[in-house]
Amino acid sequence: MAAAFSVLEYNLVSYRRTWRGSALSSFVLPVLFVLGFGISVGSMVNTGKIGGTSYLSYIAPGMIASTAMQIGIGESTFPVMAKFQWIRTYHSMYAAPLSIGAIVGGDMIFVLLRVVSSCAVFLGVTALFGAAHSWWSLVVPLLAGLIGLAFATPVYALAGTVQDANAFAFVQRFAIIPMSLFSGVFFPVSSLPVVLQWLAYVSPLWHGVVLSRVAMGVEPGNTLADVGHLAYLALWAGAGYWLVLRAFRRKLSD
Amino acid sequence: MPDDLPLIHARGLVKRFGDFTAVAGIDLDVQAGESFGFLGPNGAGKSSTMRMIGCVSRPTEGTLRILGKDPARDGVAIRSKLGVCPQLDTLDPELTVRQNLTVYARYFGIGRRAARARADELIEFVQLTERANAKVEPLSGGMKRRLTIARAMINEPELVLLDEPTTGLDPQARHLVWERLFRLKQQGVTLVLTTHYMDEAEQLCDRLVVMDGGRIVAQGGPRELIERYSTREVLELRFPGDDQAPYAEKLGGIGDRVEVLPDRILLYTADGDDALVDVTGRGLHPSSVLVRRSSLEDVFLHLTGRTLVE
């Protein structure tokens with residue numbers, strides 16, 4: 001465990017160079033979303049109401065889930081490739097007495113911290129505009145952490161396997177963008193054609209969006225369904241973690 | 001660990017990548033306090049051997065014990081006592097010189113305060129004190145190498161592995177690195193290095209193995225190898241024209257052995273000046289002449305028929 005924390009420490013020292021820009025964007029972006037989507041678009045959609053809630057309240061949980069996905073993936077593409085191919089950080093770590101598990105573990109804790117802290121800020125901003133309707137909102141940052149890991153782990157494994165960055169553009173075009181649009185962030189999945197509805201059900205993002213909406217008191221919960229959503233996200237994170245360990249082992253140790 | 005057990009012990013060590021055999025069965029014993037070298041051209045299997053010794057690559061066959069332990073079982077424990085200077089830089093260019101060392105120290109479980117003290121000590125040792133708070137990015141290749149060597153020393157290792165420590169450096173930077181490594185050697189640190197520079201091997205190694213095609217073709221001390229596989233002196237002759245071979249035929253009987261290279265002829269003999277008198281006595285007039293002592297390059301040429309740096 002101490003070994004994984006030394007890897008986390010490297011990530012934090014490294015992050016200190018860029019934290020201002022990143023902290024600013026994690027504060028400014030939610031404000032812009034709240035103003036842009038929630039308030040101005042909201043004023044034109046159904047005179048601001050979907051199923052009895054304001055449009056801002058409707059999209060805020062989805063935006064938080066979607067932000068978790070984007071940060072999770074953002075930390076897992078170029079940074080990972082750089083640490084394998086350009087800076088060779090992972091090689092230097094593995095030459096030191098760090099196991100593959102400690103290296104991956106330290107990185108995942110860092111991703112978790114990035115996602116949880118950014119989504120906590122996002123939650124705070126939307127709460128100020130009245131989008132949090134339940135005390136369960138407080139678990140949303142943790143939920144965001146799970147969503148972040150569900151996406152970060154498979155993308156980490158991908159970044160540790162492919163030779164060049166073209167794969168990331170592919171992921172962006174054929175996974176991230178469709179998921180952001182069709183996972184119920186901006187409008188209910190039920191208004192999609194049936195085929196696209198099934199795509200939404202497969203996407204981990206939709207499960208995260210539904211759970212966030214329940215937690216923030218926008219939609220009623222259903223214990224069995226909610227456990228199912230959590231289990232689905234945990235499955236992605238767990239299977240992804242296994243893939244990361246495998247990819248790192250192949251890359252660092254022959 | 002008993003004192004008589006070697007730090008590195010290998011028997012029949014093999015590394016294969018698919019059909020390609022990088023290391024084709026080598027035996028090694030490196031004792032504490034030794035300065036040991038792998039000399040050979042690119043592709044000889046030096047780096048593959050080093051990666052196995054560094055416990056980041058598993059032997060395909062054979063026995064390997066590092067510090068008396070089995071890398072397959074105790075990789076992490078062994079690596080905590082190694083210092084590694086890899087062939088390609090793995091420094092973080094965005095961090096400062098000092099941060100690169102303190103962060104690395106933490107991987108070894110060294111406390112923050114101790115890490116900082118050790119970092120400052122090592123920064124001074126590799127003469128980078130003025131750059132301690134500067135980013136690594138703009139440093140010269142020689143400075144980065146020295147910092148990598150400092151990083152390899154962060155855990156006061158029992159064994160330091162240096163994979164081509166001065167490849168790609170200009171002569172002045174190379175001498176600075178050699179001087180620091182020589183200092184470590186004097187302090188009794190066990191150094192194991194790979195190189196394709198014979199002067200590096202001669203300067204730093206007490207004992208070395210010459211590798212070619214994944215095998216050890218000779219081993220011994222630098223002087224010992226030269227005495228065994230070469231003559232005392234070499235007479236280098238350059239003749240006008242593109243083809244040196246016809247001249248070589250006319251040199252028969254002078255010296256012990258003749259090697260023809262594309263641009264010159266090497267005449268192996270105990271006394272180069274005497275041999276030159278014989279050459280001119282046959283009416284041959286080379287456009288340039290050099291008499292020098294035999295080096296490890298000549299040993300390699302004799303053993304493999306090829307030059308080290310092509």
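**Ground rules.** I am looking at a predicted model, where local features need pLDDT of at least 70, side-chain atom pairs count only at pLDDT 80 or more, and totals for chains, interfaces and linings use all residues. Residues are numbered from 1 along each chain as its sequence is written, while chains are lettered from A and ligands numbered from 1 in the order in which they are written.

**Entry 1: H7 and H10 of chain A.** I looked up the axes of helix H7 (residues 140-159) and helix H10 (residues 204-215) of chain A, which come within 10 Å and cross at roughly 180 degrees. I noted that angles under 35 degrees count as roughly parallel, over 145 as roughly antiparallel, 65 to 115 as roughly perpendicular and the rest as oblique. Helices here are DSSP runs (H or I) of at least four residues, and strands (E) are runs of at least two, numbered from the N terminus. From H7(A), Val140(A), Leu143(A), Ile147(A), Ala150(A) and Phe151(A) meet Pro204(A), Gly208(A), Leu211(A), Ser212(A) and Ala215(A) of H10(A). A contact is two C-beta atoms, placed from the backbone, within 7 Å. I sorted this one by class: eight nonpolar, two polar and no charged residues. Ala, Val, Leu, Ile, Met, Phe, Trp, Tyr, Cys and Pro count as nonpolar, Asp, Glu, Lys and Arg as charged, and the others, Gly among them, as polar.

**Entry 2: H6 and H11 of chain A.** Next I checked helix H6 (residues 100-128) and helix H11 (residues 223-252) of chain A, whose axes come within 10 Å and cross at roughly 125 degrees. That makes H6(A) oblique to H11(A). On the H6(A) side I found Ile100(A), Gly101(A), Ile103(A) and Val104(A), which meet Val244(A), Leu245(A), Phe248(A), Arg249(A) and Leu252(A) in H11(A). This contact has seven nonpolar, one polar and one charged residues.

Entry 3: I counted 11 helices and 13 strands in chain B.

**Entry 4: Tyr268(B).** I found this residue in strand E12 (residues 265-269) of chain B. Why is Tyr268(B) called buried? Because 22 other C-beta atoms lie within 10 Å of Tyr268(B). Leaving out residues up to four places away in sequence, Tyr268(B) touches Ser230(B), Thr231(B), Val234(B), Gly255(B), Asp256(B) and Arg257(B).

**Entry 5: two positive phi values.** Most residues other than glycine have a negative phi, so I looked for exceptions. Arg88(A) is not a glycine, yet has a positive phi of about 60 degrees. I placed Arg88(A) in the loop between helix H4 (78-86) and helix H5 (89-95) of chain A. With 19 other C-beta atoms within 10 Å, Arg88(A) is partly exposed. Glu164(B) has a positive phi of about 50 degrees and lies in the loop between strand E6 (159-163) and helix H6 (171-186) of chain B. Glu164(B) counts as buried, with 21 C-beta neighbours inside 10 Å.

Technical notes. Axes are lines fitted to C-alpha atoms, for helices over the stretch in contact, and angles run from 0 to 180 degrees between N-to-C directions. A residue is buried if 20 or more other C-beta atoms lie within 10 Å of its own, exposed if 12 or fewer, and partly exposed in between; C-beta atoms are placed from the backbone.
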